[in-house]
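Hi everyone, thanks for coming.

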Amino acid sequence: MVWNAFGIALREIRRNLVRAALTVLGVVIGVAAVVVMVTLGDGATASVTDQVKSLGSNLIVARPGRGLGPGSTSSAPGFEAADAAAIVDAVPEASAAVPVRNLSVTAVYLQENWSTQAVGSTVDYFEVAGWSLASGRFFTEAEARAARPVCVLGSSLAATLFGQLEPLGAEVRLKTLSCRVVGVLETKGQGAMGNDQDDVVVLPLTTLERRLAGRVGRRDISTLMISARDGVSTDRVVQSVAVVLRERRGIAANEDDDFSVIDTEQIAATLGATTRILTMLLGAVAAVSLLVGGIGIMNIMLVSVTERTREIGIRMAIGALPREVRWQFMVESVVLSVVGGLVGIALALVGSIALADLMGIPFRFGTRINLIAFAFSAAVGVLFGFMPARRAARLDPIEALRHE
Amino acid sequence: MTPLISLRGLTKTYGRGDATVEALRGIDLDIEAGECVALMGPSGSGKSTLMNLLGCLDAPTDGRYLFAGRGVESLSAAQRALLRRHFLGFVFQGFNLLARTSALENVELPLLYRGMSRALRRQRARAALDSVGLGDRARHTPAELSGGQQQRVAIARAVVSEPRVLFADEPTGNLDTATSREIMELIVDLNQRLGITVVMVTHEIEMTAYARRVIEVRDGLLAADRRVDAVQEAC
């Protein structure tokens with residue numbers, strides 16, 4: 001009987017293809033929206049976590065204040081340059097530790113000027129942060145000790161200021177400091193937050209503090225970057241570093257840390273969680289449109305029951321059972337929404353490949369979201385086909401035949 | 001021999017309380033297999049109600065209805081649908097074909113609900129269309145057919161399942177005189193050639209000339225029951 005209803009329902013759909021297409025449009029758009037949103041969101045999450053992980057599995061970062069991401073507090077005092085040295089001394093698993101201080105500056109060369117980030121650190125910074133050189137050299141220990149005005153440019157800053165000109169040996173002005181370019185860094189690409197990691201100028205911490213910041217504070221280091229030795233569990237290094245920092249910052253045993261130490265795994269997880277929440281929000285908004293699409297199907301099916309009252313009467317007079325009429329409308333509704341779901345998924349596939357390309361996000365085919373969207377569209381058909389189908393089956397054949 | 005249709009004290013009332021309408025007030029009627037009966041009466045007489053009850057489209061309020069010896073007055077809607085599917089055929093004044101559906105598919109419809117295989121369905125629907133002289137119009141939709149042709153398709157659809165009784169509700173009501181004559185001759189032919197019992201509702205006096213038995217309904221009761229034997233070309 002269901003099989004029979006299938007044949008009848010398909011015939012009725014074919015008979016009115018335009019109406020069928022308009023009916024499913026809502027579900028097509030709903031399913032496509034949900035799948036595109038979630039696919040792009042997953043791609044963005046993956047790209048964020050990949051970028052953080054590309055920092056290296058042995059990188060550990062310490063920041064003042066509790067936590068990272070939403071809700072983190074930064075009222076805690078910063079670190080001192082000496083903290084880095086203390087960590088290297090006290091934690092044998094740490095191969096290097098560097099203090100990092102950031103400063104917003106305007107870099108000027110001839111007529112070009114550009115707002116950028118100045119990073120002050122020590123010689124080991126380049127290795128710990130995973131930078132390599134495109135040309136020239138890093139600054140040296142001696143230059144750092146003497147607070148020499150030398151700097152290394154990120155590739156996009158170099159391109160902005162110099163264009164086709166040769167940056168090496170040129171003098172760039174940062175605020176009032178004239179600074180000689182000794183090297184240009186290899187391109188790293190987009191950062192985890194969508195920022196340009198290559199829009200940066202690196203100079204010795206000593207130079208930055210004494211000649212650029214205009215103020216030599218004792219606790220102005222915003223970040224400590226620590227590199228764990230190969231094959232060492234980063235969890236243990238994280239704990240050891242925390243112990244050292246607690247002692248140096250004079251935190252009593254019953255007090256909480258006023259800083260946080262995390263490895264790349266955790267950074268990736270935290271940032272990933274943020275994008276996942278955004279993905280869920282976008283998906284939820286899109287799901288509303290799927291719901292509206294389902295109501296659209298119900299609307300057309302209800303109209304169609306009224307419009308086709310006579311047809312229902314004819315079928316009943318000929319000997320169709322009420323439940324056969326119910327099945328016919330039920331199957332019509334489910335077939336429409338399932339087809340709508342499939343078209344929506346196909347559309348989403350094309351759409352998210354194109355959009356991912358446009359937005360520079362990797363495309364990840366999510367089997368789960370596609371299955372969920374499909375199941376949901378089928379459920380929409382059952383849910384919103386039920387009432388019209390029941391109404392059709394309850395018609396009285398005589399009344400239905402008299403209907404104009 | 002038991003009559004094919006036997007009614008005893010059949011009543012039908014609509015509505016409740018003060019608004020109650022007694023459409024039928026106690027009908028006794030026997031129709032033998034192979035008969036051709038015309039139901040006459042002015043509008044509001046109850047002839048359509050009687051036809052709906054005879055055709056098992058509706059259930060009576062009270063009384064007995066024996067179809068081929070079996071009581072069918074208290075069947076459920078689904079059981080009545082099955083009875084219609086297997087034993088009854090209908091032709092309506094307004095043709096009532098499915099729009100945007102070919103003549104062949106319209107004729108196939110009753111066989112579809114019987115669960116017949118596609119090939120057999122096609123074959124029998126074609127044969128039925130041939131028998132009403134529309135074998136060459138199988139692919140046409142109702143909109144592409146004249147009124148007379150549409151009614152022929154409807155007749156083919158009614159008889160394709162080889163029913164025991166063909167109910168015709170004002171079958172010529174929407175047709176001109178010449179076409180009406182053709183349709184009536186077709187119905188007479190089905191009755192005589194295939195032995196299908198015909199029950200026809202009409203209010204046109206000239207159409208009763210085709211029936212051998214004319215039953216008149218008035219105010220919900222049988223007013224007359226005449227048998228006419230002398231008419232040529234009647235059933």
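Before we start, one term: a helix crossing is called left-handed if the near helix is turned anticlockwise from the far one by less than a right angle, and right-handed if it is turned clockwise. Also keep in mind that this is a predicted model.

Okay, helices. Find helix 9 of chain A, residues 264-307, and helix 11 of chain A, residues 322-359. Two packed helices are described by the angle between their axes and the distance between the axes. Here the axes come within 11 Å and cross at roughly 145 degrees. And which hand does the crossing of helix 9 and helix 11 of chain A have? That crossing is right-handed.

Who does the touching? From helix 9 of chain A we have Ile297(A), Met301(A) and Val305(A), and they meet Phe329(A), Ser333(A), Leu336(A) and Ser337(A) of helix 11 of chain A. Sorted by class, that contact has five nonpolar residues, two polar ones and no charged ones.

Now over to chain B and its sheet. Strands of a sheet pair through backbone hydrogen bonds, either parallel or antiparallel. In chain B, four strands make an open sheet, in the order 2-1-4-5, with antiparallel pairing. At the edges sit strand 2 (21-31) and strand 5 (70-71) of chain B, each pairing on one side only.

Let's zoom in on strand 1 of chain B, residues 5-14. Eight bridges tie strand 1 of chain B to strand 2 of chain B, and Leu10(B) stands opposite Ile27(B) there. These two strands form a hairpin with six residues between them, and Gly15(B) in the turn has a positive phi of about 75 degrees. Five bridges join strand 1 to strand 4 of chain B, residues 62-67, where Ser6(B) has Leu66(B) as its bridge partner.

How do the chains meet? Chain B puts 20 residues into the contact and chain A puts in 17. On the chain B side, helix 2 (77-87) and helix 3 (103-113) each supply at least two residues, and helix 2 of chain B has the largest share, with six. That side of chain B has 12 nonpolar, four polar and four charged residues.

Last stop, the largest nonpolar core. How many residues does the core have? The count is 184, and Ile226(A), Val241(A) and Leu39(B) touch the most other members. Helix 2 of chain A, residues 17-53, gives the most to this core, with 16 residues. As for Ile226(A), its contacts include Ile60(A), Ile87(A), Val237(A) and Val241(A).

Thanks, that's my tour!

Methods: Residues numbered from 1 in each chain as written. Chains lettered and ligands numbered in written order. Predicted model: local features only at pLDDT ≥ 70, side-chain atom pairs only at ≥ 80, totals over all residues. Axes fitted to C-alpha atoms, helices over the stretch in contact; angles between N-to-C directions. Contact = placed C-beta atoms within 7 Å. Nonpolar A, V, L, I, M, F, W, Y, C, P; charged D, E, K, R; others polar. Pairing = 2+ DSSP bridges. Core = buried A, V, L, I, M, F, W, Y, C linked by C-beta atoms within 7 Å. Buried ≥ 20, exposed ≤ 12 C-beta atoms within 10 Å, placed from the backbone. Lists of a residue's contacts leave out its neighbours within four places in sequence.
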